[in-house]
Amino acid sequence: TFAVIVLTILLLLNRESMRERAIRFAGPGRIHLMTKAMSEASYRVSSYLYMQLVVNAMFGIPFGIALYFIGIPNALLWGLLATMLRFIPYAGVWVAVAMPAALAFAISSDWSMMAWVLGVFIALELVMVNLAEPLLYGRSTGLAPMAIIIAALFWTWLWGPIGLLMAVPLTVCVAVMGRYIPEMGFLNMLLGVEPVLSPPARFYQRLIALDHDEAAEVAAKFIEEKDRATFYGEVLIPSLGLIERERHAG
């Protein structure tokens, strides 16, 4: 942790030099692209951290209030710790609930207080995981859900707990590099949320797989977003063109 803090301070003190080195790494002819990439990475990381603070507060404040009414000592402290610990992906939330649950077990004469703590935690976590986080995180980071899990595993393996803490911001930067540097485009394809197949290609692929139900879903969704005539012109006819091209290719 100390090493990461020192590294961060040094990077901030030498940010102009680091920025110029990053631009030079991408090539002198890509100054415009690198400037856009840095701006987008900064915006995405800032948005992610802000949204994470909002989501964590949406968890920590009700959790602290619930602990107060359950009768857990220092309930506001546990709520604040839950807000801060949720910045650590996956692991932090379990640490946040383990401490008040252990305290409830220690001070109660039966299992009821501990059961209430765990029940409140499970209810809040289900709301956060199924409603708040998918709605807010995907838009703020531009990363696919599977990419976030893989990133957490990779950076934890590489740097341990500090890597887990910094997994999402680092992966956002990597995905943005893949978006603006053609040689690294596969990174944005693997990590980003943008569709990697065009609507005609997706529709054609479902037909090739003989999955008529999903092909119909692709068509219905496109027609719902636009209209039937646009579907014929932008999806169905180009799909027929793909079929004809592959038929000639054997």
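How many nonpolar, polar and charged residues are there in the lining of the largest pocket? Hi everyone, let's start there, and please keep in mind that this is a predicted model. The answer is 21 nonpolar, three polar and three charged residues.

That pocket has a volume of about 1,300 Å³. Of its 27 lining residues, L11, M18, A41, L170 and C173 are the closest to the centre. Helices α1, α2, α3 and α9 each give two or more residues to the lining, and α3 gives the most, with seven.

Let's stay with α3 for a moment. R44 and E40 meet there in a salt bridge, 2.7 Å from N to O. They are four residues apart in the helix, so about one helical turn separates them. Both are buried, and together with R179 they are linked in a network of salt bridges.

The structure holds eight salt bridges, so let me show you two others. E125 pairs with R86, with the closest N and O atoms 3.2 Å apart. E125 sits in α6 and R86 in the loop between α4 and α5, so this pair ties together parts that are 39 residues apart in sequence. E125 is buried at 16% relative accessible area, and R86 is buried at 7%.

Then there is E234 with K226, at 3.4 Å. Here E234 is partly exposed, at 42%, and K226 is partly exposed too, at 47%.

Last stop, the surface. F2, I5, V6, I9, L10 and L13 form a nonpolar patch with about 610 Å² of accessible area together. One of them, L10, lies in helix α1 and counts as partly exposed because its relative accessibility is 45%. Thanks, everyone!

Methods:
Residues are numbered from 1 along each chain as its sequence is written. This is a predicted model: local features need pLDDT of at least 70, side-chain atom pairs count only at pLDDT 80 or more; totals for chains, interfaces and linings use all residues. Side-chain values use heavy atoms; hydrogens and water are left out. On a 1 Å grid over the protein atoms alone, a cavity is a set of points where a 1.4 Å probe fits but cannot get out, and a pocket is an open set with protein on both sides within 12 Å along at least five of seven lines; lining residues have an atom within 4 Å of a point. Grid points are joined across faces, edges and corners, and a volume is the space filled by probe spheres set on the points. Ala, Val, Leu, Ile, Met, Phe, Trp, Tyr, Cys and Pro count as nonpolar, Asp, Glu, Lys and Arg as charged, and the others, Gly among them, as polar. Patches are made of residues with over 30% relative accessible area and no salt bridge: like charges are joined within 9 Å, nonpolar side chains (Val, Leu, Ile, Met, Phe, Trp, Tyr) within 5 Å. Accessible areas come from the Shrake-Rupley method with a 1.4 Å probe; for residues, only the protein chains shown count as cover. A salt bridge is a side-chain nitrogen of Lys or Arg within 4 Å of a carboxyl oxygen of Asp or Glu. Buried means under 20% relative accessible area, exposed over 50%, partly exposed in between (1.4 Å probe, protein chains only).
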